[in-house]
Amino acid sequence: MAVVAQPPLEKVITKKVHHENTFTRVARYVVVRLLTLFVTVVISIYLTIMIANMGGYVDQIMRGEIRDRVTGLIAGNSAFVKMDPAVRQKLIAERIAAEEERIGLNIPIAIRNFRYMSNALTLQLGRAINMTSDSGSKQVRLILLERLPATLLLMGISQLFLFFSSVFLALNLSRRYGNFWDKLVIALSPTSAVPPWFYGIFLILIFAALFRILPFGGMVDSPPPSNPIDYSLSVLKHLILPAVALIISSFFLSIYNYRTFFLIYSSEDYVEMAKAKGLPARDVEQRYILRPTLPNIITNFALLIITLWSGALFTETVFLWPGLGRTLYQAIGLYDIPIIVGSTIIYAYLLAMTVFLLDFIYALVDPRVKVGG
Amino acid sequence: MNAMKKSFQSLLYYPSAILGMFVVFLLVATAVYAMVKIPYKEAIRLWRGGEDVWYQNPKFAPPAWINLFSKKKYAESFSVRTSDGTMTKKVTPGAQGSSTMEVSYAFDFSSDYYPQEMLLYLTSKYMEKQPFISLEWLTPDGRKIRIVNMALSPKQTYRFSQDEKLKTKLKTDNIITALFSDPKTGHLIKGKYQLLITGATFETDSDINVEFVLHGQVYGLAGTDQARRDLVVPLLWGAPIALAFGLIASFGTSVLTMIIAAVGTWYGGWVDELIQRLTEINIVLPFISILIMIGTFYSRSIWVILGATILLSIFTGSIKSYRSIFVQVKESMYIEAARAYGASSPRIVFLYLIPRMIPLLIPGLVSSVPAFVFLEASLALLGLGDPVLPTWGKIINDAQANGALYRGYYYWILEPATLLMLTGLGFAMLGFALDRIFNPKLREV
């Protein structure tokens, strides 16, 4: 019955395609997709802002802190000691009001949340409440930009190495599965249940504490060497342990996943057919195995690029690596909502953009996929 | 059901699964042992206890078994007291209600290092006339050193190393070293040392109790931390807490995810749409940051964190993969048959759709346990661990905060780390094998 049903079905599809041309189809798809993604980002950001001030709970903490600080400052200042208590109370109240206005606490929380959100959506990241960049700026943008290179260096090196080495090794393993190395990778893949910072502690124990050949943490020697070559060598020395920790923790599972993935595709009939035709192994691999797996590999790669932004919070904390993850952690400790929101909005935009672009990339690499089809 | 049984039996063909099951079994046994041996309230009291609970222990002492691996032996810490009979007290009554008492404690000292400190905790009962004691120290080479004579107040601590009078008498700054070495050569003498305490009370009901504490370099099975706490307590109690957190989180997450995916697929329409949108929103939300925010601003209680973890982990990528399978199952003949005889929607969802997915659920459930166990440890590492409960992550956090790696207290990190690692690997190996058994597509390759 299926055979009989097929021809009319095909006709219906071609008819439908003829009704609307490629341009309107793609355009409509783009508009709908962008709208849904934007709404998703807006809601996520609003939720993040809500959580970042715990529905007003953090306001109370900040108000209490301001009161303590201002009262302490004025009580400790000898110039104000002889002042009339009533005048001093007024002064304290004024200072508190001024400080609350600076942070924006005088505005009702619902409105403030919307203001945070609209600023965030237009990428006006604003000023941090408590944190400053090393150059002394309070601009969230500058604080984040200052930490970005450190994160990009650590995450970039480890994640790119992880990606390319695991795809390459997985291809090799899938070619002769069942041999010793293949079994070893399978046996070792549960090691990825352990997070990178955990391996980090072991690495610090062995290489920093026991053998004293690599530093405990940080990104560069103190004081930093002035010579650029020495400087980069010093950074490299500090980079080894955190990068290795990040790599080990996902290495075997990553190879295992790609290997299984390649194996599933290489047991397809058309691969057998290509082999039977006597095509060289290289061609079979590139045209018949890698090609159909390309969309998945690209997705993984794209998601990997996004994770570079968020950094590795725990690993950076263990290694005192001055990256974005650690900055985020510090910001949370200082109730610095602008920084938390700033880092989240950038992640959200990157993710939304990637998801959007991936649809088009799929259509490019896979002729079976049609945008909006 | 028979098929399930068979699947579990085939676990025995996987060595890693057997190893994993063994580790999980050991963990469960440890957890049960911990809860029976140290009841919850007692564990909390010990973990939260300060000097008053742990004064007998030295700080930062590695476990005693490191002596097995080192050529030079470290001094082992111990404490003995008259109140529980580890030290015997001989009381001889005298005239007019007075009495004399004698406590002698002999111990073998065979380590290659001097102890850190010796202390005497004296408690006495009297109305007006203070009891009196004198202390003597007998060395293996037969010398007898008078340490101190003193009148006692109801509660008194005597620190050997702080006694200025004794310092002048022994002509030394370091009393402990002097007490344990040969005065001529200055070398440490091994052998039988004896502490002799003679006391006198002058009232009928008057009584003296003595506790003698020696702080060596090593202590007990697991060593101690910065607050002198015996690490055995948090190491044992970490097991039930880690298991509870990991299992509840992974069970809650996977079961709820599956139910929601099934409901969404079955009812379709706006329900399905809502679930999908929620998932997309949740993927953007910064999971770790939110947990840290909850820990910093709101509550560090492990149950609050657990609840937030489950809530945030429901709407993730796995809901999509469950959904794609449910979409296929929904079209099966047996579902159609159920619909034909008039089964209600809830009945179909819970009795027909979900049971079909259990084989897929089990491996995922087991393999996600380590992630949650380590999540708790990671949060504890940032100082966001539960303020009351002793967990493995908190030990690592304490160790990090006290520079354990830098100062060479490796045991302090290695002990909880090994347990965490074992837990992680055990569940991961088991989950991995289960995955290969229940996913026939993986078994072929």
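Reply: Two strands count as paired if DSSP finds at least two bridges between them. Keep in mind throughout that this is a predicted model.

Let us take the strands of chain B as our part. Find strand E4 (residues 117-125) of chain B, which runs antiparallel to E7(B) and is joined to it by five bridges. One bridge to look for is that of B:Leu122, whose partner in E7(B) is B:Gln156. This pair of strands belongs to an open sheet of four strands in chain B, with the order E1-E9-E4-E7 and antiparallel pairing. At its edges are strand E1 (78-81) and strand E7 (155-159) of chain B, each of which pairs on one side only. If you follow the sheet across, the twist from one strand to the next averages 15°.

Chain B also has an open sheet of five strands, ordered E2-E3-E8-E5-E6, again with antiparallel pairing. Here the edge strands, pairing on one side only, are E2 and strand E6 (144-151) of chain B. The average twist between one strand and the next is 15°.

Strand E2(B) and strand E3 (residues 99-109) of chain B run antiparallel and are joined by five bridges. In this pairing, B:Thr92 faces B:Thr100 of E3(B). The two strands make a hairpin, with five residues between them. In the turn, B:Gln96 has a positive phi of about 55°. How many of the five residues of strand E2 (89-93) of chain B are buried? The count is zero, and E2(B) is hardly covered.

For a contrast, move to B:Leu353, which sits in helix H13 of chain B. Is B:Leu353 buried or exposed? A residue needs 20 or more other C-beta atoms within 10 Å to count as buried, and B:Leu353 has 24 such neighbours, so it is buried. Leaving aside residues up to four places away in sequence, B:Leu353 touches B:Ala262, B:Trp266, B:Phe326, B:Val329 and B:Ile348. You can also see how the chain folds back: B:Leu353 and B:Lys330 are 23 residues apart in sequence, while their C-alpha atoms are 7.3 Å apart in space.

Helix H13 of chain B also leads us to the place where the two chains meet. Chain B gives 36 residues to that contact and chain A gives 40. On the side of chain B, the elements that give two or more residues are helix H8 (269-284), helix H9 (287-298), helix H13 (345-381), helix H15 (404-407), helix H16 (410-438) and helix H17 (440-444) of chain B. The largest share, ten residues, comes from H16(B). Sorted by class, the side of chain B has 27 nonpolar, six polar and three charged residues.

Now cross into chain A and find helix H13 (residues 324-333) of chain A. Eight of its ten residues are buried, so the rest of the structure largely encloses this helix. Among the buried residues of H13(A) are A:Leu324, A:Arg326, A:Tyr329 and A:Ile332. What do the buried residues of H13(A) pack against? Their partners are H6, helix H11 (281-310), helix H12 (313-318) and helix H14 (337-365) of chain A, together with H9 of chain B. Just after H13(A), A:Tyr335 takes a positive phi of about 55°.

One of those partners, H6 of chain A, brings us to helix packing. Two packed helices are described by the angle between their axes and the distance between the axes. Helix H6 (residues 140-175) of chain A packs against helix H9 (residues 228-266) of chain A at an angle of about 35°, and their axes are 7 Å apart. The crossing of H6(A) with H9(A) is right-handed. Their contact has 20 nonpolar, six polar and one charged residues.

H9(A) also meets helix H8 (residues 196-210) of chain A: their axes come within 8 Å and cross at roughly 135°. H8(A) and H9(A) are therefore oblique to each other. This crossing of H8(A) and H9(A) is right-handed. The residues making the contact include A:Trp197, A:Leu203 and A:Phe207 of H8(A) and A:Leu241, A:Val244 and A:Ile248 of H9(A). By class, the contact of H8(A) with H9(A) has twelve nonpolar, two polar and no charged residues.

Key: Residues numbered from 1 in each chain as written. Chains lettered and ligands numbered in written order. Predicted model: local features only at pLDDT ≥ 70, side-chain atom pairs only at ≥ 80, totals over all residues. Contact = placed C-beta atoms within 7 Å. Nonpolar A, V, L, I, M, F, W, Y, C, P; charged D, E, K, R; others polar. Axes fitted to C-alpha atoms, helices over the stretch in contact; angles between N-to-C directions. Left-handed = near helix turned anticlockwise from the far one by under 90°. Buried ≥ 20, exposed ≤ 12 C-beta atoms within 10 Å, placed from the backbone. Parallel < 35°, antiparallel > 145°, perpendicular 65-115°, else oblique.
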